[in-house]
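Colleague: I'd like to learn how to read a structure like this one. Could we go through a few features together?
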Amino acid sequence: MSEALGVEVGRVWRAGAKKLPEVGDTLETAKRGVSTSLVDLLSRSSGVGTDVSSRFDELRGLISRALEDSEQAIRDCGTALVWAAEDYELTDQAARDAYEREKQRID
Amino acid sequence: MVTPADLMDLQGRLMDRYNSGSWGSGFPDDPSQFGSCFNNFADVPDPSQFGQHTDALLETMTLLAPTGFDTGTSDGSGNPVTGNANTALDQVSTAGIELDDWTGQAADGFFQWSQSWKTGISNQFAAAAVLRQLLHAEAAVWTAALEDLEKLGNDAYAALEAADDEFDTGAGEISTTLKVVGAVVAVAAAVPTGGASLSILAAVGAGVTVASTGMDVYAAGQTESKKFATCCPRDVLADLMDGVRRVEDAVRDAEDAIRAQLDTNLAEIDGNWDEFCQPPPTLTSVHRNHIAAYSGLGTWGGGS
């Protein structure tokens with residue numbers, strides 16, 4: 001029973017330490033596409049047309065903020081899972097051994 | 001691709017051509033307008049500058065893509081711009097994390113949250129697609145507008161030439177074809193929506209059909225003719241300024257349509273922020289020292 005627990009806890013650790021941070025990195029990279037202001041591109045001084053620069057930039061900013069928050073949420077989840085795994089591996093020697101083996105396999 | 005700077009050069013040449021002509025009559029009230037007719041377009045959005053932004057947005061879409069997608073735009077060769085799903089995002093799921101036996105409140109909460117989180121990412125993907133689509137529409141509008149203005153300027157120049165030579169050549173009427181005046185923002189293109197939950201974002205491409213360069217937006221039949229008198233510089237200038245005003249009106253109408261799309265989407269996102277961007281799950285707010293005691297966390301299968 002403890003062996004199974006250790007393997008499962010090792011997977012929790014793997015999710016928190018490896019997989020979710022990778023997803024966080026993906027979002028961090030995705031953010032680059034919405035990191036640059038669009039105001040300079042779209043504004044004009046003459047009043048010709050309808051100046052949509054601020055609206056465009058507002059949409060860009062909302063996407064950027066959402067990506068930032070989503071990235072932080074997934075990283076926080078990862079941290080919480082690592083903490084949980086670390087605490088559980090202390091509760092049972094056999095589970096701890098299995099956990100360490102699972103970690104070694106993952107690393 | 002015509003740039004605002006090109007128009008500044010062109011209006012300078014128009015002024016020079018007027019100044020070098022031999023005009024017996026038909027003088028404009030304000031001939032300096034030949035040299036300032038395009039001043040309103042001196043710092044308008046430059047179509048050549050949009051590519052870096054739309055390329056960056058395509059990269060963002062590729063990273064967020066929940067499914068394969070078609071942007072509804074084309075590249076410089078006219079080929080459709082498409083992308084694949086990013087399977088890295090599948091790691092945020094029961095299968096992706098490979099946890100079979102973790103059960104209980106925390107586990108349920110986490111996996112339920114992860115599905116909502118992915119829906120939020122899909123909404124963000126759709127929003128990025130919308131932003132890219134509307135930027136393409138802006139590029140298309142300005143591409144057509146600046147081309148129209150260049151054509152107007154060149155035809156005004158030819159009309160001045162004809163007016164100057166009238167008794168020698170018998171030059172006739174000059175007619176030009178304007179694209180942006182004929183049709184500004186055409187009908188819909190669907191924005192890729194895999195997994196998105198916000199319906200407005202799903203349908204938001206309606207109202208704009210654009211290509212990467214904007215060059216093929218205005219198909220044949222979506223144009224309007226503009227004739228130039230060749231009798232005297234006064235009438236040439238009047239026709240030129242009339243054409244410029246028509247382009248200005250068309251650009252305003254087009255950007256009004258784009259603004260309406262932006263407003264709709266901004267309101268949708270503002271009104272549904274938690275669906276657009278999931279707040280973190282309760283699990284993440286548990287203090288480090290209390291994580292092991294967090295309700296439900298201790299029910300891994302076989303471990304309790």
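Colleague: Let's begin with charges. What do the side chains of B:Arg234 and B:Asp235 meet in?

Modeller: Keep in mind that this is a predicted model. The general idea is that side chains of opposite charge can pair when their charged atoms come close. Here, B:Arg234 and B:Asp235 meet through their side chains in a salt bridge, at 3.8 Å from N to O.

Colleague: Are those two buried, partly exposed or exposed?

Modeller: B:Arg234 has a relative accessible area of 42%, so B:Arg234 counts as partly exposed. B:Asp235 is partly exposed too, at 27%.

Colleague: Which salt bridge does A:Arg60 form, and how do I read that one?

Modeller: A:Arg60 pairs with A:Asp57, with 2.7 Å from N to O. Look at where they sit: both are in helix 3 of chain A, 3 residues apart, which is about one turn of the helix. For burial, the cut-off is under 20% relative accessible area. A:Arg60 is at 13%, so A:Arg60 counts as buried, and A:Asp57 is buried as well because its value is 16%.

Colleague: What separates B:Asp249 from B:Arg252 along helix 7 of chain B?

Modeller: About one helical turn, because they are 3 residues apart in that helix. Their side chains form a salt bridge at 3.3 Å, N to O. As for accessibility, B:Asp249 is partly exposed at 37%, and B:Arg252 is partly exposed at 35%.

Colleague: How many salt bridges turn up over all chains?

Modeller: A search of the whole structure gives 16. Some residues are linked in a network of salt bridges: A:Asp25, A:Glu28, A:Lys31, A:Glu68, A:Glu71 and A:Arg75.

Colleague: And how many salt bridges are there between chain B and chain A?

Modeller: The count between the chains is 2. Take A:Arg44 and B:Glu255, whose side chains meet in a salt bridge at 2.8 Å, N to O.

Colleague: How many residues does each chain bring to the contact?

Modeller: Chain B brings 67 residues and chain A brings 55. Together the two chains bury about 5400 Å², with 72% of that on carbon and sulfur atoms. There's also a charge placed over a ring: A:Arg65 lies over the face of B:Trp273, 4.1 Å from the ring centre.

Colleague: Now for the rings. What describes a pair of aromatic rings?

Modeller: Two things: the distance of the centres and the angle of the planes. In this structure, the search finds 6 aromatic pairs over all chains. One of them is B:Tyr18 with B:Trp23, a stacked pair with 5.8 Å centre to centre and 15° between the planes. Both B:Tyr18 and B:Trp23 are buried.

Colleague: Why is the pair of B:Phe41 and B:Trp142 called edge-to-face?

Modeller: Because their planes are at 70°, with the ring centres 6.5 Å apart. This pair links distant parts of the chain, 101 residues apart: B:Phe41 is in the loop between helix 1 (4–20) and helix 2 (51–64) of chain B, while B:Trp142 is in helix 4 (residues 105–164). B:Phe41 has a relative accessible area of 0%, so B:Phe41 is buried. B:Trp142 is also buried, at 0%.

Colleague: Which residues form an aromatic cluster?

Modeller: B:Tyr18, B:Trp23 and B:Phe34 form one.

Colleague: How many residues are in the largest nonpolar core?

Modeller: It has 92 residues, and those with the most contacts inside it are A:Phe56, B:Phe34, B:Phe41, B:Leu149 and B:Leu240. Among the elements that each supply at least two residues are helix 1 (2–30) and helix 3 (53–88) of chain A, along with helix 7 (233–271) of chain B. Helix 4 of chain B gives the largest share, 25 residues.

Colleague: What is B:Leu149 in contact with, leaving aside its neighbours within four places in sequence?

Modeller: B:Leu149 is in contact with B:Leu7, B:Leu10, B:Phe38, B:Phe41, B:Val244 and B:Val247.

Colleague: Last one: what does the secondary structure of chain B come to?

Modeller: Chain B has 8 helices and 6 strands. Of its 304 residues, 49% are buried. If you take the contacts in chain B with a separation of 6 or more, 75% are between residues 24 or more positions apart.

Conventions. Residues numbered from 1 in each chain as written. Chains lettered and ligands numbered in written order. Predicted model: local features only at pLDDT ≥ 70, side-chain atom pairs only at ≥ 80, totals over all residues. Heavy atoms only, no water. Phe/Tyr/Trp six-rings, centres within 6.5 Å; stacked < 30°, edge-to-face > 60°. Buried < 20%, exposed > 50% of the residue type's maximum accessible area, 1.4 Å probe, protein only. Helix = DSSP H or I, 4+ residues; strand = E, 2+ residues; numbered from the N terminus. Lys NZ or Arg CZ within 6 Å of the ring centre and 35° of its normal. Core = buried A, V, L, I, M, F, W, Y, C linked by side-chain atoms within 4.5 Å. Contact = heavy atoms within 4.5 Å. Buried area = accessible area lost by both parts, 1.4 Å probe. Salt bridge = Lys/Arg side-chain N within 4 Å of Asp/Glu carboxyl O.
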